[in-house]
Amino acid sequence: MKRRGVALLLAGATALAACAPAGAPPPALWDRLGGHPVVQRVVDDLLGEVATDPLLRPRFIGQNLRSLTARVVEYLCEQSGGPCRYQGRDLRVAHIGMSITAAEWEGFMAGARRAVERNGVPRVEGAELLALIQSTRNDIVGF
Ligand code: HEM
């Protein structure tokens, strides 16, 4: 009886080890999100929304939303472990002189949450993507 228990434990451990090979890195957030098509959809949706939002719209008047979207996707791709190299300016440099307020930031993040939900991003990956966007706050607000 005791032996059988040990054998079962060993079998279970072997099966688990087969599922997650030791030392294999977990898949990057970029891949778990679904890569370019999904992140492009989310960012398109987000910038489409903020460009028409009464509070944020003035910031985006005259901006080329298509190239801005491409830059943001490229940034998120690099930061989430995707294959891209971000070619844009440092985020603090890009937003300097704008004096973006905390209220504008909250509006932007609310838009990001809606864009993540609307595009069916799974809960865990959605939370990680939002945390990644949130992590840029100190380079964007108040300069
Ligand atoms: C309230 C929030 C934000 C506002 C109002 C805002 C506004 C802008 C504007 C107006 C530009 C164009 C600047 C120019 O070309 O002169 C810009 C550029 C950019 N923003 Fe934001 N932004 C916000 C948040 C973010 C966040 C959260 C990210 C990243 C996750 C981001 C990433 C970028 C990038 C990558 C560029 C392009 C930089 C380049 O062209 O080299 N922005 N933003």
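User: Which residues of α3 meet α5?

Analyst: Bear in mind this is a predicted model. On the α5 side, the partners are Leu65, Leu68, Thr69, Val72, Val73, Leu76 and Cys77. By class, this contact has nine nonpolar, two polar and one charged residues. The α3 residues that meet α5 are Val39, Gln40, Val43, Asp44 and Leu47.

User: Are α3 and α5 oblique or roughly parallel to each other?

Analyst: The axes of α3 (residues 35–50) and α5 (residues 65–79) come within 9 Å and cross at roughly 135°. Angles over 145 degrees would count as roughly antiparallel. The crossing is right-handed, and α3 and α5 are therefore oblique.

User: What is the angle between α3 and α7?

Analyst: Their axes are 9 Å apart, and the crossing is right-handed. Val42, Asp45, Leu46, Glu49 and Val50 of α3 make the contact with α7 residues including Phe108, Gly111 and Arg114. The packing angle is about 135°.

User: Which helix gives the largest share of the shell around the ligand?

Analyst: Helices α4 (57–60), α5, α6 (91–95) and α7 (102–118) each supply at least two residues of that shell. By class, the shell has twelve nonpolar, four polar and four charged residues. The largest share is four residues, and the helix they come from is α5.

User: And which residues come nearest to the ligand?

Analyst: There are 20 residues around the ligand. The ones that come nearest are Arg59, Gly88, Arg89, Ala94 and Phe108.

Definitions and conventions: Residues are numbered from 1 along each chain as its sequence is written. This is a predicted model: local features need pLDDT of at least 70, side-chain atom pairs count only at pLDDT 80 or more; totals for chains, interfaces and linings use all residues. Axes are lines fitted to C-alpha atoms, for helices over the stretch in contact, and angles run from 0 to 180 degrees between N-to-C directions. Angles under 35 degrees count as roughly parallel, over 145 as roughly antiparallel, 65 to 115 as roughly perpendicular and the rest as oblique. A crossing is left-handed if the near helix is turned anticlockwise from the far one by less than a right angle, and right-handed if clockwise. Two residues are in contact if their C-beta atoms, placed from the backbone, lie within 7 Å. Ala, Val, Leu, Ile, Met, Phe, Trp, Tyr, Cys and Pro count as nonpolar, Asp, Glu, Lys and Arg as charged, and the others, Gly among them, as polar. A residue is near a molecule or strand if its C-beta atom, placed from the backbone, lies within 6 Å of it.
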